[in-house]
Amino acid sequence: MLTYALTLLRRSWRMFITIARIMLPVMVIVKVAQEFGLVDLVGRLITPAMGLLNLPPEAGLIWATTVLIGMFGGIATLSTLATSIDMTVGQMSALGAMMLFAHSLPVEQAIVRRAGASFWLTAALRLGTAIVYGAAVGWACHFTGALSEPVSFAWLSGSSFTQGASGYLGWMQATAYSLGIALLIIIVLVAVLDAFERVGITRRITSTITPLLRISGLSAEVAPVTTVGVLLGLSYGGALIIDESEKKNFSRRTRFLALSWLCLSHSLIEDTLLIMALGANLWVVLVGRVAITLAIISLLAWLTDRGNWRTAGIQTQQS
């Protein structure tokens, strides 16, 4: 048991160091931007757009950071803004879904392009789906009163931990606290994922997802490697598709559909648990996300199967 725990901790620490190299610079940049009033300026510029989604202006800055840098970049921004942002569970769920649909675009879309689909088309698909779905969730919760409970981010910012400290000392303490929370979340995630693997939950999820992929119009030959990406991440799935394409010579349509699915829904377990830890609702960020992905890929499969590839403006060649 001790050996297992140490192995788990070493793995978690390696992941944390990698993520801290992303989070810390982002937190410093956001703090500097706050000091010079740039965060307030960006907030005022983004307010109209976020208002259309029924989200607070700070959500735009968090999502923009996520799109460019990645999930932990967005979380770092949220940590820095935690004391000034007010959101309900519905709004956090909408923002969380947007972060899951569209994050780390420069890196992940480069992988998509290498695997054989258009960089810009799939990026537009991710951004468009994120905005439409986020708006739908935000306004649906607003009009129905669902998920209206406020979300507290005090645990993320360490407001009680840094009580009495001010200025840069308070910020440094809050930053250290937030990084400590990130390490704790990573340890829990690693433990949960390992437990899922050991008791067979991951295998059951895989057996459930594979038929859905086929229903959406993906060919049977690409469904298994796509499933890996759906569970583990776009980088893994994209690498497998590149490898399998060289062996089996997948058609451009097959690669486009598989990669489009991966763009919209990948790393379902890890990333979903991460966003839920921030206060998002499971039905919104997992069930709804998979359902809308299934609908979109089914539509794309129908369009491409009907010979409407060019008339729909879809290009499968690399951009």
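Guide: L24, V28, V32, F36, L38, L41 and L45 together make a nonpolar surface patch of about 650 Å². Keep in mind that you're looking at a predicted model. Two elements each give two or more residues to this patch: α1, running over 2-35, and α2, running over 38-52.

V32 sits in helix α1, and its relative accessible area is 40%. Why is V32 called partly exposed rather than buried or exposed? Buried needs a value under 20% and exposed a value over 50%, so V32, at 40%, falls in between.

Now for the charges. Searching the whole structure turns up two salt bridges. One of them joins the side chains of E108 and R126, with an N to O distance of 2.9 Å. This pair ties together distant parts of the chain: E108 belongs to helix α6 (residues 105-115) and R126 to helix α7 (residues 119-144), with the partners 18 residues apart. As for cover, E108 has a relative accessible area of 10%, so it's buried. R126 is buried as well, because its relative accessibility is 0%.

The other bridge is between the side chains of D194 and R198, at 2.7 Å from N to O. Here both partners lie in helix α9 (residues 167-199), four residues apart, or about one turn of the helix. D194 comes out at 17% relative accessibility, so it counts as buried, whereas R198, at 61%, counts as exposed. If you're colouring by accessibility, D194 is under the 20% cut-off and R198 is over the 50% one.

Last stop, the cysteines. How many disulfides are there? The count comes to zero. Two cysteines you can check for cover are C141 and C263. C141 has a relative accessibility of 13%, so it counts as buried. C263 is buried too, because its relative accessible area is 0%.

So, to go back to where you began: the patch is built from L24, V28, V32, F36, L38, L41 and L45, with α1 and α2 as the elements that give two or more residues each.

Technical notes. Residues are numbered from 1 along each chain as its sequence is written. This is a predicted model: local features need pLDDT of at least 70, side-chain atom pairs count only at pLDDT 80 or more; totals for chains, interfaces and linings use all residues. Side-chain values use heavy atoms; hydrogens and water are left out. A disulfide is a pair of cysteine sulfur atoms within 2.5 Å. Buried means under 20% relative accessible area, exposed over 50%, partly exposed in between (1.4 Å probe, protein chains only). A salt bridge is a side-chain nitrogen of Lys or Arg within 4 Å of a carboxyl oxygen of Asp or Glu. Patches are made of residues with over 30% relative accessible area and no salt bridge: like charges are joined within 9 Å, nonpolar side chains (Val, Leu, Ile, Met, Phe, Trp, Tyr) within 5 Å. Accessible areas come from the Shrake-Rupley method with a 1.4 Å probe; for residues, only the protein chains shown count as cover.
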